[in-house]
Amino acid sequence: MEEKKDIEISNTHVPDKLYGYGLQVRQMLYELLNCEIESTVSVEKFDDVGVENANGKEAIQTKSALSARNPVSDKATDLWKTLYNWLIALKVGELSMDNTLFTLVINVDKSGHIVSLINMARNSEESLTAYENIKNEFLDNEENYIQQSASINQYVETFISDENKQYALCIIEKFKLVVMDEGHTKKIYQEFKAKTYLPVDIQELVFDKILGWIDKKTALQIENNYPMQITKEEFQNEMILTQKWVNQNKCLVELAPNPTNTEIELQQREYKTYIRQLQLIELDYDDQIEAINDYLKAVANRTVWAVKGDVNEEIITQYYEDLKSRWKTKRNIVELDKDTWDEPKRGKYLYNMCVDEDVNMGILVTPRFFKNGCYHELADMEEIGWHPIYKNKLKEDEKDD
């Protein structure tokens with residue numbers, strides 16, 4: 001069997017290899033949450049982490065410091081080696097000067113004079129000023145280079161040399177420093193919660209599983225000599241699958257007490273619109289009582305779920321829109337397929353089609369009584385109806401009153 005070629009891992013890794021790789025995986029998740037739809041996020045392809053799409057590339061260096069060490073101090077090897085690597089990549093054409101952004105991510109609340117000069121430059125004029133100030137830090141009065149430690153000499157000399165000035169200016173103008181001062185994992189988790197809108201009680205589970213998926217996928221890719229990369233589309237699909245998996249064990253549970261006979265009788269006495277809608281299609285009395293139960297249980301449980309944080313207004317609003325869309329589709333089918341039936345019969349058929357279908361609330365398994373109760377609430381607001389001409393019929397009732 002043919003031997004596979006060994007993969008050469010970049011020697012720009014942080015000293016703590018294990019933590020450094022974990023940093024890259026978490027940063028990969030951060031970029032997947034924020035990149036454009038047709039983007040690809042990679043690890044160790046053209047940088048520690050990279051984002052590329054039709055608009056260009058973002059080269060992202062991740063630097064960790066688990067002690068008091070400052071990876072962006074003025075004479076830090078991490079900083080100068082990063083700037084040097086980017087410059088060489090531009091010089092040999094691996095990265096484009098026209099459409100590449102440069103980002104340095106550190107996991108500690110540290111800074112330095114030189115990195116601040118670079119980070120504050122936002123245009124070509126400011127970049128030139130920053131470049132000249134940086135050069136002055138390493139030149140004597142006769143503009144001769146002042147020797148530094150052996151660990152950074154080559155990097156600094158290359159960056160401030162006149163022949164490489166255009167590349168240095170490009171990096172300075174398009175540079176961004178990202179400081180994860182509250183802890184890298186915590187920041188990524190906060191971003192995950194903000195961008196995914198998951199219910200509170202499943203956020204951590206989905207986060208852990210997605211991180212594990214990224215780690216496994218990239219590990220398998222490197223084992224098979226493939227680039228370690230994930231597209232935004234792959235990520236979104238995996239998010240859906242993971243949420244579905246969680247959904248198997250996540251149900252909205254009935255928590256509120258059942259309606260009392262007094263509450264049911266009050267609904268009847270008030271002659272609620274949703275009850276009148278059921279009468280227009282000649283629904284049996286027992287079925288009307290069941291509908292009143294569903295309506296009251298839906299209202300009561302929705303309040304409890306909201307207090308617990310299981311649902312919010314945005315989720316409920318989207319759910320109602322889904323129900324209205326499903327009702328409209330079924331109504332059109334009934335009017336096309338059962339046009340020879342009389343109107344109450346068509347309405348009753350439409351009603352039974354809707355109440356017989358399970359409709360979940362995104363990843364949340366929704367009890368059928370809640371779905372039916374929401375339908376009745378929409379009917380009460382006259383946003384949907386069962387009788388083919390329910391609006392006209394309800395207006396006739398108003399005239400009779």
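The model is predicted, so local features are limited to residues with pLDDT of at least 70 and side-chain atom pairs to pLDDT 80 or more, while totals for chains, interfaces and linings use all residues. Residues are numbered from 1 along each chain as its sequence is written, and side-chain values use heavy atoms, with hydrogens and water left out.

The protein chain contains 16 helices and 6 strands. Helices (H or I, at least four residues) and strands (E, at least two) are DSSP runs, numbered from the N terminus. The radius of gyration is 31 Å, well over the 21 Å that the globule rule gives for 401 residues, so the chain is more spread out than a compact globule. This radius is taken over C-alpha atoms, and the globule rule is 2.2 Å times the number of residues to the power 0.38. Along its principal axes, the C-alpha trace spans about 100 × 60 × 40 Å. Of the 401 residues, 48% are buried. Buried means under 20% relative accessible area, exposed means over 50%, and partly exposed lies in between (1.4 Å probe, protein chains only). Contacts (heavy atoms within 4.5 Å) were also sorted by sequence separation. Among those between residues at least 6 apart in sequence, 70% join residues at least 24 apart.

Helix packing was examined next. Two packed helices are described by the angle between their axes and the distance between the axes. Axes are lines fitted to C-alpha atoms, for helices over the stretch in contact, and angles run from 0 to 180 degrees between N-to-C directions. Angles under 35 degrees count as roughly parallel, over 145 as roughly antiparallel, 65 to 115 as roughly perpendicular and the rest as oblique.

The axes of α11 (residues 273-280) and α12 (residues 285-308) come within 11 Å and cross at roughly 150°. That makes α11 roughly antiparallel to α12. Their crossing is right-handed. A crossing is left-handed if the near helix is turned anticlockwise from the far one by less than a right angle, and right-handed if clockwise. On α11, the contact is made by Y274, I275, L278 and Q279; on α12, by Q288, A291, I292 and Y295. These residues divide into 6 nonpolar, 2 polar and no charged. Here Ala, Val, Leu, Ile, Met, Phe, Trp, Tyr, Cys and Pro count as nonpolar, Asp, Glu, Lys and Arg as charged, and the others, Gly among them, as polar.

Helix α13 (residues 313-337) and helix α14 (residues 343-355) have axes that come within 10 Å and cross at roughly 140°. The two helices are therefore oblique to each other. The crossing of α13 past α14 is right-handed. W327, K330, R331, V334 and E335 of α13 meet R346, Y349, L350, M353 and C354 of α14. This contact has 6 nonpolar, no polar and 4 charged residues.

Helix α13 also packs with α15, at an angle of about 80° and with the axes 10 Å apart. These helices are therefore roughly perpendicular to each other. From α13, the contact draws on I316, Y319, Y320, L323, K324, R326 and W327; from α15, on F370, K371, C374, Y375, E377 and L378. By class, there are 9 nonpolar, no polar and 4 charged residues.

G373 is found in helix α15 (residues 368-380). With a relative accessible area of 1%, G373 is buried. G373 and Y295 are 78 residues apart along the chain, yet their C-alpha atoms are separated by 3.8 Å. Leaving aside neighbours within four places in sequence, G373 contacts D294, Y295 and A298.

I152 lies in the loop between α4 (124-137) and α5 (153-160). At 0% relative accessibility, I152 counts as buried. Beyond its neighbours within four places in sequence, I152 is in contact with K75, A76, T77 and W80. From I152 to A121, 31 residues away in sequence, the C-alpha to C-alpha distance is 23 Å.

Backbone angles were also considered. Most residues other than glycine have a negative phi. E44, not a glycine, has a positive phi of about 55°. E44 lies in the loop between β1 (40-43) and β2 (49-53). Y197 likewise has a positive phi of about 55° although it is not a glycine. Y197 sits in the loop between α7 (184-196) and α8 (200-223). Y197 is exposed, with a relative accessible area of 58%.
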